[in-house]
Amino acid sequence: MKQDNSQYKEIPKAFHSFENEGLFTHCIECERELLKGDCDYVIEKAVRNYQGFKAEDVIFDYAICIDCAIEIQKRMSKESMQKIQEYMQVQLLKGQRELQNRDLTDVDGLYSKCMFTDEDKSNCEEYQVFAFCRGDKLNLQMPPYMVSGPILDEISELLSDETRDELNGFFNKHFSPAPGMFNPDPRLILI
């Protein structure tokens, strides 16, 4: 029986590795090969947008297999996870109409506006984009999305000290950003 691949699309360049200028090939945590297509993975990219200029910087980007993402989530405090889930449910209910009107065939449009506020990424000083992938394809059953800086700040405030330490440990292990790049703390959302 032929498999329906309509849920899979090419991974847009916006989700390519900034450092390697191409598809992510390995999980940042366990080095699992991602392009074989035998596992799902998440791409996360944080961008700083310079208002008034047509310039932006990638603060960080990475791909992580679902198994490693789940392991990191397990190390986050239950309190933080519950607060984040409650926050997201409330925010998604507020923006339900905008979300329902999004065109799932317009892949670029899916991550051009904050899924919570509908703010365009060009108006955001900072934002993060997320994509769920398998092999060299984007999985549209879990469409890519963008979260604006103010929402990231609000989510960051929900984190316990234990969770903040866990996320800081992840960043210290994998990144060496310029001083002040993560102000006040690194941002990481693994869904």
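Mentor: We will go feature by feature, with the general idea and then the case here.

Mentor: This is a predicted model, in which local features need pLDDT of at least 70, side-chain atom pairs count only at pLDDT 80 or more, and totals for chains, interfaces and linings use all residues. Residues are numbered from 1 along each chain as its sequence is written, and side-chain values use heavy atoms, with hydrogens and water left out.

Trainee: How do I describe two packed helices?

Mentor: Two packed helices are described by the angle between their axes and the distance between the axes. Axes are lines fitted to C-alpha atoms, for helices over the stretch in contact, and angles run from 0 to 180 degrees between N-to-C directions. Helices (H or I, at least four residues) and strands (E, at least two) are DSSP runs, numbered from the N terminus. Here, take helix α2 (residues 78-94) and helix α5 (residues 149-157). They pack at about 145°, and their axes are 10 Å apart.

Trainee: Which residues in α2 and α5 meet?

Mentor: Contact means heavy atoms within 4.5 Å. From α2 come Ile84, Tyr87, Met88 and Gln91; from α5 come Ile151, Glu154 and Ile155. By class, this contact has 5 nonpolar, 1 polar and 1 charged residues. Ala, Val, Leu, Ile, Met, Phe, Trp, Tyr, Cys and Pro count as nonpolar, Asp, Glu, Lys and Arg as charged, and the others, Gly among them, as polar.

Trainee: Which side chains have a polar contact with Gln7?

Mentor: A polar contact is a pair of N or O atoms within 3.5 Å; within protein, one must be able to donate a hydrogen and the other to accept it, and residues adjacent in sequence count only if both atoms are side-chain atoms. The side chain of Gln7 makes such a contact of 2.9 Å with that of Tyr8. Another, of 3.2 Å, joins the side chains of Gln7 and Gln141.

Trainee: Where is Asp61, and is Asp61 buried or exposed?

Mentor: Asp61 lies in strand β3 (residues 55-65). With 12% relative accessibility, Asp61 counts as buried. A polar atom of the Asp61 side chain is 2.7 Å from the backbone nitrogen of Phe18. Setting aside neighbours within four places in sequence, the contacts of Asp61 include His16, Ser17, Phe18, Lys45 and Phe175.

Trainee: How many aromatic pairs are there?

Mentor: Rings of Phe, Tyr and Trp (its six-membered ring) pair if their centres lie within 6.5 Å; planes under 30 degrees apart count as stacked, over 60 as edge-to-face and the rest as tilted. The structure holds 6 aromatic pairs. One of them is Phe15 with Tyr111, edge-to-face, at 4.9 Å centre to centre and 75° between the planes. Phe15 is in the loop between β1 (8-10) and β2 (40-50), and Tyr111 is in the loop between α4 (107-110) and β4 (126-134), so the pair ties together parts 96 residues apart in sequence. Both Phe15 and Tyr111 are buried.

Trainee: What is the geometry of the pair of Tyr62 and Phe175?

Mentor: That pair is tilted, with 6.1 Å centre to centre and 55° between the planes. Tyr62 is in strand β3 and Phe175 in the segment after α6 (161-174), 113 residues apart. Tyr62 is buried, at 2% relative accessible area. Phe175 is also buried, at 19%. Phe60, Tyr62, Phe170 and Phe175 form one aromatic cluster.

Trainee: Last, the backbone. Which residue other than glycine has a positive phi of about 70°?

Mentor: Glu31 does. Glu31 is in the loop between β1 and β2, and at 52% relative accessibility counts as exposed. Asp118 also has a positive phi, near 70°, and is not a glycine. Asp118 is in the loop between α4 and β4. Its relative accessible area is 28%, so Asp118 is partly exposed.

Definitions and conventions
Buried means under 20% relative accessible area, exposed over 50%, partly exposed in between (1.4 Å probe, protein chains only).
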